[in-house]
Structure formats: C-alpha cells, structure tokens
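Subject: Structure handover

Hi,

Here is the structure I promised to pass on. Please open it first, then read my notes below.

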Amino acid sequence: MIRDITIGQYYPAESRIHRLDPRVKIVCTLLFLVSLFIQNSLLGYVIATIFLGAVIHLSKVPLKYIVKGLKPIVILLLFTVVMNLFLTQGGETLVHFWIFTITENGLRTSVFMAVRLMYLVAGSSIMTFTTSPNGLTDGLEKLLHPLNKINIPVHEVAMMMSIALRFIPILLEETDKIMKAQMARGADFESGNIIQRAKAMIPILVPLFVSAFRRANDLAMAMEARCYHGGEGRTKMKPLKYKTRDWTAYIVTVVYMVLIFVVGRFVDFKLWIF
C-alpha cells in the first residue's frame, strides 16, 4: 500500500504535457477539478473522461501509474459510495431490504461521487507526474506573486510546498524500510482489532518522526550554510515564459470548461446511465 501512493512523484518523459509551463498545468488542473463539481450529468462526465483520457495519452504517463495512485483511496471510495447509496433519498425506489433502501437518486449520487474522487486523484497525479518539484515551486511563486503586495511571503510558501512534495517519496520509502525491519523482528501489522493495529504502528511512527525531523534539520542547516534568505533579489536560471503551446493549452481548457458549464446549466439533471 505504501508503494501505491504516487502523489508528489515525478515521471520523466518527453511529452507535450511535460513541456508546458508549470503555471499552465497548475491552473488547468484547478479548472479541471472545479469542472467536476459544476455539473452532475452523464454527458458532463463523458466530456470529463474524454478530456482526462486525452491528457493522460499526451503526457505519456503509463495508465498503470494512474491506476496505482487510486489504490490508497479504495477504502475512502467504498465508504463514500456506501454512505451515498443508502443515505441519499429521493426518486424511484430500486431496492428495499430491512432498513436499507436504495433509490434512483442514491444510486446516481454514489456513482457520480465515486467518479469525482477517482478523477480528482487522477487529475492531481497527472500534474505531479509531469511537473518537477522545482517547476511547481516556480509556477506557484509566479502565480501568487501579486500577493507580495499585501506582505504575504509567497516565495517561502511556494518553497515549503515544494519541499513537502519532494519529501513525500522519501518518507514513503523510509516508512517501507522501517516496516520491513520491524516485520523482520516479528512485528505484526495486519492481525488483531483496530486498537491492536494502532498500537502496532507505534514502532513505525516513532523512528519515522525522528528521521523526518533529522532530515528537516539537515536541510535547514544546508540552506543556512548556502546563505539562503528567501526569494527577495534572487534570479531564476530558467525564467518562466509563456509560449504558443501554453496559450493553446489555456484555450483548450477554456473550451472544455464552457462545454461543462453548458452541460451543467442546460442538460436535464435526471439524465441517467440506463
């Protein structure tokens, strides 16, 4: 399960998505996530599926990596589906058993919520797969630069987010090593009730926190030794500049958003799979 977490990992490849400006990928990802919530019809999700599939194809990121990133949310996904399936009322009753009732609205809502969650993770994963941590830092700093006028430390915020993303794969690898070392000593993390499993995690969490603080301290000392004092007056080795392909990506995303808005506004809400 630890190795299935893909958020924060970068997949190097030569693709059109990789070559886009980081600002474009951040903005387009946010717009895609918003588009999942401004409509609730089959046609809208078909359009979102086509758009997401085209982006995955252009990114040259293997589909198995995207599917692998969905494994950690399986429990959350099942919980969301079950809760919406049995607690959402309205519409025609499809199944009634004891105290459980499945209605047309409940079935539709549970399916759409599951699709939303999967597309949220897949869309976010594509951004991190195709953008290096340094690129994300530069893109966030450039997008949030106007906030400097109200004394918000934009560079520091972007740097912290970049460091957090960079440390995710490192901490996951460290967790995997600690778990294997504890299992070699006879630790059992899978048997027992919830309380016993929680207690079994203590031998993992303690050394993991110690290792994380040690790495953070080493990083702070390295930055201080190199006279790092924030972003004021610093120059970029590769300054961000919009190119034709970036404006094309913006236009495609805007067209997609318009289609989604029109579908969400004018298509009948009751349009259903069957």
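What percentage of the 274 residues in the protein chain is buried? The answer is 34%. Bear in mind that this is a predicted model.

**Overall layout**

The protein chain has 10 helices and two strands. Their order along the sequence is α-α-α-α-β-β-α-α-α-α-α-α. I also looked at contacts between residues at least 6 apart in sequence. Of these, 76% join residues at least 24 apart.

**The cores**

In soluble globular proteins, nonpolar side chains tend to be buried together. Here, the largest nonpolar core has 21 residues. The members that touch the most others are Phe32, Ala48, Leu52, Ile66, Tyr119 and Tyr256. Several helices contribute. Helix 1 (22-35), helix 2 (42-59), helix 5 (104-130) and helix 10 (244-266) each supply at least two residues of this core.

There is also a second, separate core, made of six residues. Among them are Ile17, Leu20, Ala249 and Tyr250.

Which residues does leucine 52 contact, leaving aside its neighbours within four places in sequence? They are Phe32, Tyr119, Ala122 and Gly123.

**Helix 2 with helix 5**

Two packed helices are described by the angle between their axes and the distance between the axes. For helix 2 and helix 5, the angle is about 25° and the axes are 11 Å apart. An angle under 35 degrees counts as roughly parallel, so helix 2 and helix 5 are roughly parallel to each other. Their crossing is left-handed.

From helix 2, the contact uses Leu42, Tyr45, Ala48, Thr49, Leu52, Val55, Ile56 and Ser59. Facing them in helix 5 are Phe112, Val115, Arg116, Tyr119, Ala122, Gly123, Ile126 and Thr130. By class, this contact of helix 2 with helix 5 has 11 nonpolar residues, four polar and one charged.

**Helix 1 with helix 6**

How far apart are the axes of helix 1 and helix 6 (residues 133-143)? They lie 8 Å apart, and the packing angle is about 75°. That angle makes helix 1 roughly perpendicular to helix 6.

Helix 1 brings Pro22, Arg23, Ile26 and Val27 to the contact. Helix 6 brings Gly135, Leu136, Gly139, Leu140, Lys142 and Leu143. The classes in this contact of helix 1 with helix 6 are six nonpolar, two polar and two charged residues.

Over to you.

Best wishes

Technical notes
Residues numbered from 1 in each chain as written. Predicted model: local features only at pLDDT ≥ 70, side-chain atom pairs only at ≥ 80, totals over all residues. Heavy atoms only, no water. Core = buried A, V, L, I, M, F, W, Y, C linked by side-chain atoms within 4.5 Å. Buried < 20%, exposed > 50% of the residue type's maximum accessible area, 1.4 Å probe, protein only. Helix = DSSP H or I, 4+ residues; strand = E, 2+ residues; numbered from the N terminus. Contact = heavy atoms within 4.5 Å. Axes fitted to C-alpha atoms, helices over the stretch in contact; angles between N-to-C directions. Parallel < 35°, antiparallel > 145°, perpendicular 65-115°, else oblique. Nonpolar A, V, L, I, M, F, W, Y, C, P; charged D, E, K, R; others polar. Left-handed = near helix turned anticlockwise from the far one by under 90°.
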